[in-house]
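Please open the model in a viewer and keep the selection tool at hand. The stops below are meant to be followed in order.

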Amino acid sequence: VMDIAQETFISSTYWTERIGCVASIATITKLKENNVPNHLIDIGNKIKKGWKKLSEEHELDIEIMGIPPLATFKFKYENYLELHTLFTQEMLKRGYLASKSVYVSYAHTEDVVEKYMENVDEVFRIIKKGLEENKIKKWRPLII
């Protein structure tokens, strides 16, 4: 029975193949060479600052929380779930699969954040107008 095992190949993280070990070493090397942790913190902080700036410009009450690489915001309104849904819908219309949280990756650059914030600006404007006109629940595209 044991001789048959010599003729088979079993691949798994904890088995005899070396791909997992090699991949982890390559990942750690890339993390160190590119100072990925600092990049994640820098980009996350830019996103958090952008949300704060735009929420103040549009007079929206939001709470910003979380560690920079996993930044999160929450609308501080009774209908916050509706507002989050509207945010997601409007960002999706603009090509972003976005929610109230951002999981920063090494692929995020300052240009990516800048374009994201331009779209957040538009969506925050829509949300503010919807709140003023009490049109969040019965959403119709608002013309700005």
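Begin by selecting leucine 70, which is partly exposed because its relative accessible area is 31%; the class lies between buried, under 20%, and exposed, over 50% (1.4 Å probe, protein chains only). This model is predicted: local features need pLDDT of at least 70, side-chain atom pairs count only at pLDDT 80 or more, and totals for chains, interfaces and linings use all residues. Residues are numbered from 1 along each chain as its sequence is written, and side-chain values use heavy atoms, with hydrogens and water left out.

Leucine 70 belongs to strand S2; strands (E, at least two residues) and helices (H or I, at least four) are DSSP runs numbered from the N terminus.

Next, select serine 101, in strand S3 (residues 101–103). Is serine 101 buried or exposed? Serine 101 counts as buried because its relative accessibility is 19%. Leaving aside neighbours within four places in sequence, serine 101 is in contact (heavy atoms within 4.5 Å) with Leu70, Ala71 and Thr72. Its side chain also makes a polar contact with the side chain of threonine 72, at 3.0 Å; the term denotes a pair of N or O atoms within 3.5 Å, one able to donate a hydrogen and the other to accept it, and residues adjacent in sequence count only if both atoms are side-chain atoms.

Now turn to the largest nonpolar core, which has 26 residues; a core is a set of buried Ala, Val, Leu, Ile, Met, Phe, Trp, Tyr and Cys residues joined through side-chain atoms within 4.5 Å. Helix H3 (36–57), strand S2 (70–75), helix H4 (80–93) and helix H5 (110–132) each supply at least two of its residues, and H5 gives the most, with seven. Select phenylalanine 87: beyond four places in sequence, its contacts include Phe73, Phe75, Tyr116, Val120 and Phe124.

Finally, select asparagine 35, in the loop between helix H2 (19–33) and H3. Its phi is near 45 degrees, a positive value in a residue other than glycine.
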